[in-house]
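Morning, everyone. Please look at the model on the screen while I talk.

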Amino acid sequence: MIEKGQVLSLKVRFNNSGDVANVAHPVLVMDVNKEKKIIEVAHIDSITKEKEWKALLKSNVRIKNTNPDETVIDKDSFVQVDNIIQLEYFKELENKRRQFDKLSDIKFQKVLNRYNMYKNNNLIDDNKKVYMSKEEILKLNADVLEVK
């Protein structure tokens, strides 16, 4: 079962305009709704020289890969909190977990609090409210996702 705080690696649609990741991209599981069979995820991006400024935006939350050491991210990163990306849950998504580990609780709570605060205090454009069905996920990830 996929759990909050785990990281999946998938090609996802960034918005409703059709922008899609070229490669499998890490996403942090923010919520799991078992009844509706939906997981909500947020994009994780590494902090590089070119992207340092992005990590400082109020729509992003910086997370370090140390103190405590993290296994779900390889380097200092930021999580984008200005999108709502929901994925239809199906068993094979479990195969796209980077590992069974989760982001450390203190860092996950920081991200989750900022994520919820951003959603509650800012208008999120309908273009950035994305729902991806199992069929769409499979189509975008046919090269990286095996379905049994």
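I'll cover strand pairing, a pocket and one asparagine.

First, the ground rules. This is a predicted model, where local features need pLDDT of at least 70 and side-chain atom pairs count only at pLDDT 80 or more, while totals for chains, interfaces and linings use all residues. Residues are numbered from 1 along each chain as its sequence is written, and side-chain values use heavy atoms, without hydrogens and water.

Start with strand β5, residues 77-80. Helices (H or I, at least four residues) and strands (E, at least two) are DSSP runs, numbered from the N terminus. Pairing takes at least two DSSP bridges between two strands. β5 pairs with β3, residues 38-46, antiparallel, over three bridges. There, I44 is opposite V79. β5 also runs antiparallel to β4, residues 60-63, with four bridges joining them. In that pairing, I63 faces S77.

Now α1 (52-55). Both α1 and β5 give at least two residues each to the lining of the largest pocket. How is that lining split by class? Four residues are nonpolar, six polar and three charged. Ala, Val, Leu, Ile, Met, Phe, Trp, Tyr, Cys and Pro count as nonpolar; Asp, Glu, Lys and Arg as charged; the others, Gly among them, as polar.

Last, N141. Where is N141 placed? In the segment after α3 (134-140). Beyond neighbours within four places in sequence, N141 is in contact (heavy atoms within 4.5 Å) with L10 and K11.
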